[in-house]
Amino acid sequence: MSLEKTYPKEVKQILSKYPPEHKRSAVMPLLYVAQEEFGWVSPEAIEEVAVLCEIDPTQVKSIAGFYTMYSEKPKGKYWLQVCTDFPCALRGADQFHEALLQHLGIEEGGTTEDGLFTVEHVMCLAACDKAPMLQCNFHFHENLDMEKMKALLDQWRAEAAAEKK
């Protein structure tokens with residue numbers, strides 16, 4: 001994997017936003033590019049971002065580890081984050097989360113055998129009035145019930161199958 005080879009235009013554009021003495025400011029957008037491509041921030045991506053930003057890899061790793069929007073372990077193609085914060089729980093988010101896990105046959109934080117879905121609960125996605133809701137690869141899906149969720153899962157499975165062809 002090489003961000004510079006795979007996304008030369010994006011890397012150049014990101015780095016151009018910061019003066020040379022502040023390259024370290026490009027860490028987060030570069031990590032985001034890596035995660036968008038590979039679904040997670042690998043040790044190789046951390047090393048490459050460190051080189052691009054001219055900082056120590058431990059500094060990049062500390063940033064990737066601090067922010068919940070980055071994952072340092074592989075996820076499914078569709079990363080489903082269900083908000084189970086108290087206001088959402090009052091609207092049935094806990095039961096929805098459990099039903100989703102059961103439907104997919106996985107445990108919290110697990111990934112389906114086909115590698116398509118990883119489900120995690122998170123705290124506060126700022127859509128309390130639209131719970132149960134989840135974020136799939138950083139896109140919100142609100143006012144969910146299992147019928148709507150099953151339709152989304154079928155849609156994502158079809159999209160993944162079409163990509164393989």
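Residues are numbered from 1 along each chain as its sequence is written, and side-chain values use heavy atoms, with hydrogens and water left out. Because the model is predicted, local features need pLDDT of at least 70 and side-chain atom pairs count only at pLDDT 80 or more, whereas totals for chains, interfaces and linings use all residues.

Helices (H or I, at least four residues) and strands (E, at least two) are DSSP runs, numbered from the N terminus. In helix 2 (residues 8-16), V11, I14 and L15 are buried, where buried denotes under 20% relative accessible area, exposed over 50%, and partly exposed the range in between (1.4 Å probe, protein chains only). Viewed down the axis of helix 2, its buried residues fall within an arc of 95° and therefore line one face of the helix; the arc is that of the directions from the helix axis to the C-beta atoms. The face turned away from this buried side carries the exposed residues K9, K12 and S16. The buried residues of helix 2 pack against helix 1 (3-6), helix 3 (27-38) and helix 4 (43-53).

A nonpolar core is a set of buried Ala, Val, Leu, Ile, Met, Phe, Trp, Tyr and Cys residues joined through side-chain atoms within 4.5 Å. The largest such core comprises 21 residues, of which V27, L30, L31, V41, V49, C53 and V60 touch the most other members. Two or more residues are given to this core by each of helix 2, helix 3, helix 4 and helix 5 (57-66), and helix 4 supplies the largest share, 6 residues. Neighbours within four places in sequence aside, C53 is in contact (heavy atoms within 4.5 Å) with K23, R24, A26, V27 and L30. Another core, of 20 residues, lies apart from the largest one and includes V82, F117, V119 and L134.

An open sheet of mixed pairing is formed by 4 strands in the order 2-1-3-4; two strands pair if DSSP finds at least two bridges between them. Strand 2 (117-122) and strand 4 (139-141) are the edge strands, each pairing on one side only. Strand 1 (residues 78-83) and strand 3 (residues 134-136) run antiparallel and are joined by 3 bridges, with C136 of strand 3 as the bridge partner of L80.

C88 lies in helix 6 (residues 86-90) and is buried, with a relative accessible area of 0%. Beyond its neighbours within four places in sequence, C88 is in contact with C83, A93, C128 and A131.
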